[in-house]
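User: I've got this model open and would like to know where its labels come from. Could you take me through them?

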Amino acid sequence: MEIADIKKIESNIDDFSEQMYYLMKSMYPICRSITGNGVRQTHDIIRKIIPIETKEVPSNTKVLDWVIPKEWNINDAYIKNSSGKIIINFKDSNLHVVNYSKPIKAKLSLNELKKHIHTLPEQPDLIPYVTMYYHEDWGFCMSHKQFLQLEEDEYEVVIDSSLEDGSLTYSEYYLKGELDDEILISTYTCHPSLCNDNLSGVVLTTFLAEILTKLKRKYSYRFLFIPETIGAITWLALNEQKLSKIKYGSVVNCVGDSGDFTYKKTRQGNSLFDTAVINVLTNSNHNFSIIDFTPTGSDERQFSSPGFNLPIGNIMRTFDHNFPEYHTSGDNFDLVKGESLAESLLVYLKTIFILENNCYFLNSIPKGEPQLGKRGLYNSVGNKQRKKNSILATQWILNFSDGSNSLLDISEKSKIDFETIKESADLLVENKLLKKGSRK
Ligand code: ZN
């Protein structure tokens, strides 16, 4: 991955913004869950962009301390009043049915029906997203406003779903680099029509993989599209022998709103990945906050459980409960924009750019400063466009390239962005003032 690659992507950012938004639109209507045809359909769309390999793990398979549940599929669901009017229709929003509801066909009084209805009294216009994976029951979700209007009546309730032995679907995409050392990028494909959590993560991961496929890579990359929690547990259970190769990584979720960036650090808190992300955000024009690892949130909980302890961070925008639309019908295209998706993609790419290019150099003329002027490396001789910052970067690199500071260390010390440091280092190598070194 070269400086020119990053610059090219940056100059095409509007195209990415459009394409990412379009991909999200195509996935939005599908009713996904932790298993079932909605997941397969979503992975079929991803497979048109990157050649993911899809695995099916049978129901009842024991995975770590868990068991793969039955597979859930749904055709239709509605509630009709006694005059035959449909008052809740699954076809209008797949959030209307509690995810993993068992099939039901019954006539109920209002009081009986109410026991199975979920609403958000605090956000009366929104439909909540509710799941019921590990105990068999059924339910509907609706806006609290609509709930208050329900009248005494006999209601016909139909959920045409199936909960049967089947399999859990997950997909993986492996990209070999020069090294066997891997960077893991994991996202979850189990949420139905919800944009920020987590179609944004699915779309970003797909595009990141597509871009990296075409670039020269030092690291190998592994991309996972899995159902949250049970998918991470399944993958970890089946792939334990691969884990020692994973050096860094990120869980990708909540990357599509226009809020400030949030970086949740790895469990280690001081890995190269942490430094790289914070360096990128510090040198960007985005506002951001850094939070320590917590055993809450998404699949970092599994990857960084003590028995695995992988250094997996999480680069997000506004996350989880911090946006009011979280897990509601409000998490839609009013919240998520193509532009924000593309900005987040760039932060991921710039972080990867650092990991790909960070290395140690040695100043070839360490006694006194080498004369830059006669080599066209000082002032604007040779290239009028060279920024003052690059000259400053040159001075920092020459002084600190003594075998104990990497390019990222020098970027940190000088407060000059990594790309400028890398560009100046390339120039110094060209002029034989810098040679590859290894860490002292
Ligand atoms: Zn969620």
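Predicted model: local features only at pLDDT ≥ 70, side-chain atom pairs only at ≥ 80, totals over all residues.

User: What makes His191, Asp197 and His327 donors of the zinc ion?

Analyst: Distance. The cut-off is within 2.8 Å of the metal, and His191 (NE2), Asp197 (OD) and His327 (NE2) lie 2.1 Å from the zinc ion, so they count as donors. Along the chain their spacing reads H-x5-D-x129-H. Asp197 sits in helix H6 (residues 195-213) and His327 in the loop between strand E16 (312-316) and helix H10 (338-357), so this pair ties together parts 130 residues apart in sequence.

User: What makes strands E4 and E9 a pair?

Analyst: Pairing takes at least two bridges. Strand E4 (residues 71-80) and strand E9 (residues 154-164) run antiparallel and are joined by nine, so they qualify. One example is Trp72, whose bridge partner in E9 is Leu163.

User: Why are E5 and E6 called edge strands?

Analyst: The open sheet has four strands in the order E5-E4-E9-E6, paired antiparallel. Strand E5 (86-89) and strand E6 (104-109) each have a single partner strand, so one side of each has no neighbour in the sheet. From one strand to the next, the twist averages 20°.

Terms used. Residues numbered from 1 in each chain as written. Heavy atoms only, no water. Donors = N, O, S within 2.8 Å, 3.2 Å for Na, K, Ca; no water. Helix = DSSP H or I, 4+ residues; strand = E, 2+ residues; numbered from the N terminus. Axes fitted to C-alpha atoms, helices over the stretch in contact; angles between N-to-C directions.
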